[in-house]
Amino acid sequence: MSLLPILEFPDPRLRKIAGPVSVFDEKLEALIDDMFETMYDAQGIGLAATQVDVHKRLLVIDVSENKDSPLTFINPEFEIIEDELSEYDEGCLSVPGFYETVSRPQRIRVRAQDRAGQAFEMEADGILAVCIQHEIDHLEGKLFVDYLSSLKRQRIRKKLEKEHKKSA
Ligand code: QAP
Ligand code: CO
């Protein structure tokens, strides 16, 4: 297993639209394992393949307290069950150090495939529903900062660009 580098905003590769996963093989299994290792190492609760520069429709999530409930979503799709919005302070491993409030539908139904290619369906609410929607956005090249005012987004971009210059 290995840790994968995580792309950071405003890297243009975070804007790519991911394509479907069609081959379920050992290479995919290894990528999933590396994504979990990378997410846990970075203290994250969700990671989309886009964030590690792999433009395939694949997410890993673990919102459990004890980090013992890994969930893998391949080719995920969701529908809104409950139109009502709820607010959550979101962060992102690709936008380190910044948290802002975002509103999203409260309850969703997700259809996806697991690592073996088996289709499954689940309903989600609370932080899991937030996280699934946040991660599916990544597959569409979308970031949580896109929901903020352009002033806030620019401020975040400038601060991160400064950080990137320092460490380059
Ligand atoms: C998305 O985000 C999410 O800034 C996943 O310094 C976030 O795992 C969904 C993280 C909140 C729902 C609620 C962020 C770690 C992790 C940082 C993450 C940081 C270290 C973010
Ligand atoms: Co994110």
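By class, 11 nonpolar, 6 polar and 3 charged residues form the shell around ligand 1. Here Ala, Val, Leu, Ile, Met, Phe, Trp, Tyr, Cys and Pro count as nonpolar, Asp, Glu, Lys and Arg as charged, and the others, Gly among them, as polar. The model is predicted: local features need pLDDT of at least 70, side-chain atom pairs count only at pLDDT 80 or more, and totals for chains, interfaces and linings use all residues. Side-chain values use heavy atoms, with hydrogens and water left out.

**Ligand 1**

Of the 20 residues around ligand 1, Gly44, Ile45, Leu93, Gly97 and Tyr99 come nearest (near: a heavy atom within 4 Å). Two of these residues make backbone polar contacts (N or O pairs within 3.5 Å) with the ligand, as tabulated.

| Protein side | Ligand 1 side | Distance |
|---|---|---|
| Ile45, polar backbone atom | oxygen atom | 2.8 Å |
| Gly97, backbone N or O atom | oxygen atom | 2.8 Å |

The protein covers 86% of the 500 Å² of accessible area that ligand 1 has on its own (Shrake-Rupley method, 1.4 Å probe). Elements giving two or more residues to the shell are β3 (71-90) and α2 (126-139). Helix α2 gives the largest share, 4 residues. Helices (H or I, at least four residues) and strands (E, at least two) are DSSP runs, numbered from the N terminus.

How values were computed. Residues are numbered from 1 along each chain as its sequence is written. Chains are lettered from A and ligands numbered from 1 in the order in which they are written. A polar contact is a pair of N or O atoms within 3.5 Å; within protein, one must be able to donate a hydrogen and the other to accept it, and residues adjacent in sequence count only if both atoms are side-chain atoms.
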